[in-house]
Amino acid sequence: MEHLHETYSLPLVALSLLVAFVASYASLALAERVWSFQGRGRASWIVLGAVTLGMGIWSTHLIGMLAFQLPVSVHYDPLYMALSLLFAVGASGAAMTVTAGKAPSGAKFLGGGALIGSAIAGMHYVGMAGMRTAAQLSYTPYLVVLSVAIACGLSFAVLYASARYRRSGRQATPSKRLAGALALGAAIAGMHYTGMLAAHFSFAGELNQTELIPGRDEMRLASWIGAAALLSMLLIALTQYLDRRLALRMAEWNKQRYDSIFEHNPDMVCLFDPNGRLLRTNPAAERITGYDSGSYAGRSFSQFVNRRESYKIRSCFAKVLQGSPQTVEFSIRHRAGHEIILSTTIVPMIADGKIVDIYTISKDITEQKKAEKQLVQAKLEAERAARMKSEFLAIMSHEIRTPLNGVIGMSELLLETPLTEEQREYVAIMVKSGRGLTQVINEVLDFSKLEHDKVSLHQDPFSLQRTMEDTLQLFRPEIRQRSLEIHWLLDPAVPELLLGDEGRIRQILINLISNAVKFTEEGTVDIRIRQKHREGERLQLECTVRDTGTGIPDSYIPHLFQPFHQHDSSARKHGGTGLGLAICKRLVELMEGQIQVESVQGKGTKFTFTIVVRTSGDRLAVSV
C-alpha cells in the first residue's frame with residue numbers, strides 16, 4: 001500500500017478562507033435581523049440566514065476540495081454533494097431557530113453551537129464520502145474529533161458573544177461583527193482543513209498505470225462553486241435590499257410617530273437650531289400664545305419676551321448647549337396683549353455625539369400661578385384675621401374680667417354683712433356665676449393662645465405631692481355633698497422635687513378630675529401617678545384618672561378632644577364650653593406627651609396622659 005501525498009493550490013485556499021469569512025459576516029448580520037423580528041418576518045430572515053451560512057460552508061468546502069490535489073483521478077458523486085448542501089443549510093437554520101428567542105438559555109446556546117458545528121462537520125464528511133477515487137480513504141480519529149470540536153467550540157463562542165450584545169440592548173458594531181465573522185469563518189475553514197489533515201489516501205498498484213482524467217470533475221466543482229457564489233451574492237443583495245426597505249419603513253414610522261407626538265401635544269412644543277432660531281412650532285403654540293407658525297419662523301424666541309426674561313432664557317440655552325437639560329419659568333405677552341406664564345423644559349437633541357437641535361416643551365401655568373397667588377393672599381388674610389381675633393380676645397377678656405372681678409369682690413364682701421337667708425342665697429349664686437364666667441373667659445383665652453403657639457412653659461422647681469394635695473382640696477366641698485370617694489397614689493420612685501410648669505400641670509389635673517367628679521354621681525374617683533421612664537434628668541410621668549361614672553358613648557370618643565365639641569345631653573345637664581379636654585391635649589403635647597381615653601358606657605371612664613419633666617437636686621426649694 002502506497003501512501004499518496006496531497007498538495008494544495010494556495011490561491012484556492014486563500015479564496016476558500018475569503019468565502020468563509022464573507023459568508024459568516026453576512027449570516028451574522030442576518031441573525032441580528034432574526035432577533036429583532038417576530039412571526040413570519042422572523043421565519044423569512046431565518047431562511048435567508050440559513051441559506052447564506054449553508055452556502056458559505058458548502059462553497060468553502062468545494063473550493064477547499066478544488067484546492068486539494070492528488071496524483072490520481074478524483075470524481076464527486078452529485079447526490080452526496082447535494083446532500084451535503086442540504087445538511088449545511090438545514091443545520092444552520094435549526095441553530096438560528098433555537099437561538100432566536102429574546103433570552104435563550106445556556107442549554108440553547110450549547111445546542112445552537114452544536115448544530116452549527118454539526119452543519120460544518122456533517123457537510124464536510126458527507127462531501128468527503130462523495131469522493132470517488134481509486135485510492136483508499138482513512139481517517140486519524142483524534143484529528144476528526146479535533147475538527148468537530150473546533151467547529152462546535154468557535155460556533156458556540158460566536159453565538160454567546162452575539163447574545164451578550166443583544167441582552168445589553170446594543171447592536172454589534174462593525175468591528176465586533178467583523179471579529180465574530182473571523183471567528184465563525186475560522187470555525188468553518190479550521191474544521192475543513194483539520195478534517196482534510198485527518199484524511200489519508202493510499203493506493204495499491206503502480207501510479208504510472210493509473211488513468212488520469214484531467215479537468216472533468218474540476219470543471220464540475222468550479223461550476224458548482226460559481227453557482228453557489230452567484231446564489232450567495234443574490235442572497236446578500238436581497239438582504240441589502242430588504243435592509244434598505246426596512247430602514248426606510250422604520251424611518252417613516254418614526255417620523256410619523258414623532259410628528260403625531262409633536263402635532264397633538266396639548267403643550268406648546270418648539271424646535272430650535274443650536275443658534276436659537278425657531279424652526280418649527282406645533283398647533284398648541286398658536287392656541288397658547290396667539291401667534292401662528294409664520295410669526296415665529298426664523299426668529300429668536302427671546303424677541304417675544306422682555307429683556308429680563310430674555311437673559312434668563314439665554315442663560316438656560318447656554319447650559320443646554322453644554323448637554324444639560326433645563327426647566328425655567330418665564331412670562332410672555334400674548335398676541336392679544338395680556339401676559340401668560342410658561343413653565344418650559346429645554347432639552348438638547350443629540351446625534352453622533354453632537355447637539356443638532358433643541359426642543360422646548362412649554363406648559364401654560366398662568367391660571368396655576370393666579371391660584372397660588374390667591375392662596376398666598378388668602379393665607380395672609382387668614383393670618384391677619386387670626387391675629388386680630390387673638391388681639392380682640394385678649395382685649396375683651398381683660399375688659400370683661402376687670403368689672404367681673406369687681407362684681408365678684410363686692411359680692412364676697414356683701415356676704416360678710418348681715419343678710420337674710422334668702423339674700424345670702426342670692427349673693428352666693430352671684431359669686432358662683434361670676435366665678436363660672438371667669439373660668440369660661442380663661443379657657444377661651446388659653447385655647448386662643450395655644451392655637452397660635454403663644455404659650456410658653458416655665459421650668460420652675462415644684463413638689464408634685466403638694467400640687468396634688470392643693471388640687472384635690474378644691475374638690476373637697478363637692479365630694480362631701482355627694483356620695484363620692486376620691487383616692488390617689490403617687491409612685492415613691494418619683495423624686496420629691498421636679499422642674500416643670502406646675503401651673504399648667506395643675507390645669508390638666510383640674511380639668512380631668514373636674515370631669516370625673518362632674519360625671520360620677522356616686523362611686524369613686526381614682527388617681528395614679530407613676531414614673532414611666534427615666535433617662536438622666538429627663539423623667540416621663542404617667543397619670544391615670546379613673547371614675548365609675550356614666551361613661552362616654554363610642555360614637556363621641558373620636559371627637560372628644562376637638563374644641564367646642566360636647567355631647568348634647570352632657571351640655572344640657574353639666575354646661576361648660578367644650579374646651580377643657582382640647583386644652584389638656586394641647587398642653588400635654590407641649591410637654592412632649594400624649595393623652596388617651598378608654599370608656600365603657602354605664603361603667604366609667606379612664607383618662608391616661610404622659611408628660612416629660614426634669615429632676616432637680618435643689619431640695620431647699622421644696623420648703624420655700
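This is a short chat about a predicted model.

Visitor: What sort of model is this, and how are residues numbered?
Guide: The model is predicted: local features need pLDDT of at least 70, side-chain atom pairs count only at pLDDT 80 or more, and totals for chains, interfaces and linings use all residues. Residues are numbered from 1 along each chain as its sequence is written, and side-chain values use heavy atoms, with hydrogens and water left out.

Visitor: OK. Which residues touch the most other members in the largest nonpolar core?
Guide: L512, I527 and F609 do, in a core of 42 residues. A nonpolar core here is a set of buried Ala, Val, Leu, Ile, Met, Phe, Trp, Tyr and Cys residues joined through side-chain atoms within 4.5 Å. Buried means under 20% relative accessible area, exposed means over 50%, and partly exposed is in between (1.4 Å probe, protein chains only).

Visitor: Which elements give two or more residues to this core?
Guide: Among them are α13 (464–473), β14 (483–490), α15 (502–518) and β19 (604–615). The largest share is seven residues, from α15. Helices (H or I, at least four residues) and strands (E, at least two) are DSSP runs, numbered from the N terminus.

Visitor: What is F609 in contact with?
Guide: Leaving aside neighbours within four places in sequence, the contacts of F609 include I508, L509, L512, L541 and E542. Contact means heavy atoms within 4.5 Å.

Visitor: How many residues are in the second, separate core?
Guide: That core has 31 residues, including I57, L70, A187 and I188.

Visitor: Back to E542. Which residue forms a salt bridge with E542?
Guide: R530 does, with the closest N and O atoms 2.8 Å apart. R530 is in strand β16 and E542 in strand β17, so the pair ties together parts 12 residues apart in sequence. A salt bridge is a side-chain nitrogen of Lys or Arg within 4 Å of a carboxyl oxygen of Asp or Glu.

Visitor: Is E542 buried or exposed?
Guide: E542 counts as buried, because its relative accessibility is 15%. R530 is partly exposed, because its relative accessible area is 39%.

Visitor: How many salt bridges are there by this rule?
Guide: The count comes to 13. One of them joins the side chains of E263 and R280 (2.9 Å, N to O). This pair links distant parts of the chain: E263 sits in helix α7 (residues 216–264), R280 in strand β9 (residues 278–281), 17 residues apart. E598 also forms a salt bridge with K606, the closest N and O atoms being 3.9 Å apart.

Visitor: Which residues are linked in a network of salt bridges?
Guide: E329, K369 and E372 are.

Visitor: New topic. Which residues form the nonpolar patch on the surface?
Guide: F392, M396, I400, L437 and V440 form it, with about 390 Å² of accessible area together. Patches are made of residues with over 30% relative accessible area and no salt bridge: like charges are joined within 9 Å, nonpolar side chains (Val, Leu, Ile, Met, Phe, Trp, Tyr) within 5 Å. Accessible areas come from the Shrake-Rupley method with a 1.4 Å probe; for residues, only the protein chains shown count as cover.

Visitor: Which element gives the most to the patch?
Guide: α11 does, with three residues. M396 is found in that helix.

Visitor: Last one. Where does UniProt place the "transmembrane region" feature?
Guide: The unreviewed UniProt entry has several spans, including residues 12–31, 43–67 and 181–201. In the model, the end C-alpha atoms of residues 181–201 lie 32 Å apart, and the span is 86% helix and 14% strand. UniProt positions are given in the numbering used here, feature names are shortened, and annotations may be inferred rather than shown by experiment.
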